[in-house]
Amino acid sequence: MLTLQLFTFSPIRENTYVLYNEQRKAIIIDPGCYFSAEEEMLKNFIDSEGLQPTLLLNTHCHLDHVFGNRWVHQTYGLELHIHRGEQIVLERAPISGQNWGLPFTNYDGPLHFLQEGDVIELDNDRLEVLETPGHSPASICFYCSAQNFVIAGDVLFRESIGRTDLPGSSHEQLLKSIREKLWVLPDEVAVHPGHGSSTTIGYEKQNNPFLQ
């Protein structure tokens, strides 16, 4: 069984997730730690819980979701897993950082590519990869059917959706992704987004003004 720990990092207030099991193995998703104090906070949690980070995943590669990739790689020796279509977004992230006044050093280690239907395994726990483009060219979500939750990146928020005024984004494609990949999940599935508070599929079907 997976336990989920949330951290909110950087001036952009991005949600970083650590998932870990009873064997104390952990997955780090979208590490957004920008300041050294945030890196220390993440490391202190991992150390205090006796966790062994084994996987580094990005839902997508906008700057706020990749700030901490290099630090995680250097600290824990983990190599990055993304969708192939996000590689160009990752490469351009430091330019976005300069434009936002948030310069950073990008991850430059090996890349491993994920796609629709891939299954990420942590001992007996499984996350299914869902392709959900629209907010970015090749966003992915990580769905745990056994525990009824999905790590959704910036695809779906509580009563909102990801912005689509960025390079490579598409409002129509984002709505299609939500309807075809997330709306088909059970209503009770918890949605853990890249920003803000968690919600559920059922709540968003009834209350999300962008999808009525």
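Reader: Is Glu180 buried, partly exposed or exposed?
Author: In this predicted model, the relative accessibility of Glu180 is 44%. Buried would require under 20% and exposed over 50%. Glu180 therefore counts as partly exposed.

Reader: Which residue forms a salt bridge with Glu180?
Author: Side chains of opposite charge can pair when their charged atoms come close. For Glu180, the closest N and O atoms of the pair are 3.1 Å apart, and the cut-off is 4 Å. The partner is Lys176.

Reader: About how many helical turns separate Glu180 and Lys176?
Author: Both residues belong to helix α5, which covers residues 171-182. An α-helix has 3.6 residues a turn, so residues three or four places apart point the same way. Glu180 and Lys176 are four residues apart, so their separation is about one helical turn.

Reader: How far apart are the end C-alpha atoms of α5?
Author: The helix has twelve residues. At 1.5 Å a residue they should span 16 Å. The model agrees with this, because the distance between the end C-alpha atoms is 16 Å.

Reader: Within what arc do the buried residues of α5 fall?
Author: The buried residues of α5 are Leu174, Leu175, Ser177, Ile178 and Leu182. Seen down the helix axis, they line one face, because they fall within an arc of 155°.

Reader: What is the relative accessible area of Ser177?
Author: Ser177 is found in helix α5. Not counting residues up to four places away in sequence, Ser177 touches Thr132, Pro133 and Leu182. Ser177 is buried, because its relative accessible area is 6%.

Reader: Which helix is included in what covers the buried residues of α5?
Author: The cover includes strands β8, β9 (140-144), β10 (149-153), β11 (156-157) and β12 (160-161). It also includes one helix, α6.

Reader: Where does Asp187 lie, given its salt bridge with Lys205?
Author: The N to O distance of the salt bridge between Lys205 and Asp187 is 3.0 Å. The pair links distant parts of the chain, 18 residues apart. Lys205 is in helix α6 (residues 201-207), while Asp187 is in the loop between α5 and β13 (190-193).

Reader: How many residues apart in sequence are the parts that Asp123 and Lys25 tie together?
Author: Asp123 and Lys25 form a salt bridge, with closest N and O atoms 3.2 Å apart. Asp123 lies in the loop between β7 (119-122) and β8 (125-131), and Lys25 lies in strand β3 (residues 25-29). The pair therefore ties together parts whose separation in sequence is 98 residues.

Reader: Why is the aromatic pair of Tyr34 and Phe35 edge-to-face rather than stacked?
Author: The structure has seven aromatic pairs. In the pair of Tyr34 and Phe35, the ring centres are 5.1 Å apart. Planes under 30 degrees apart would count as stacked, and over 60 as edge-to-face. The pair is edge-to-face because its planes stand at 90°.

Reader: Is Phe35 buried, partly exposed or exposed?
Author: Its relative accessibility is 41%. Since buried means under 20% and exposed over 50%, Phe35 counts as partly exposed.

Reader: How far is Arg158 from the ring centre of Tyr203?
Author: Arg158 lies over the face of the Tyr203 ring. For a charge to sit over a ring, the cut-off is 6 Å from the ring centre. For Arg158 the distance is 4.3 Å.

Key: Residues numbered from 1 in each chain as written. Predicted model: local features only at pLDDT ≥ 70, side-chain atom pairs only at ≥ 80, totals over all residues. Heavy atoms only, no water. Phe/Tyr/Trp six-rings, centres within 6.5 Å; stacked < 30°, edge-to-face > 60°. Buried < 20%, exposed > 50% of the residue type's maximum accessible area, 1.4 Å probe, protein only. Lys NZ or Arg CZ within 6 Å of the ring centre and 35° of its normal. Salt bridge = Lys/Arg side-chain N within 4 Å of Asp/Glu carboxyl O. Helix = DSSP H or I, 4+ residues; strand = E, 2+ residues; numbered from the N terminus. Contact = heavy atoms within 4.5 Å. Expected span 1.5 Å × (residues − 1). Arc of directions from axis to C-beta.
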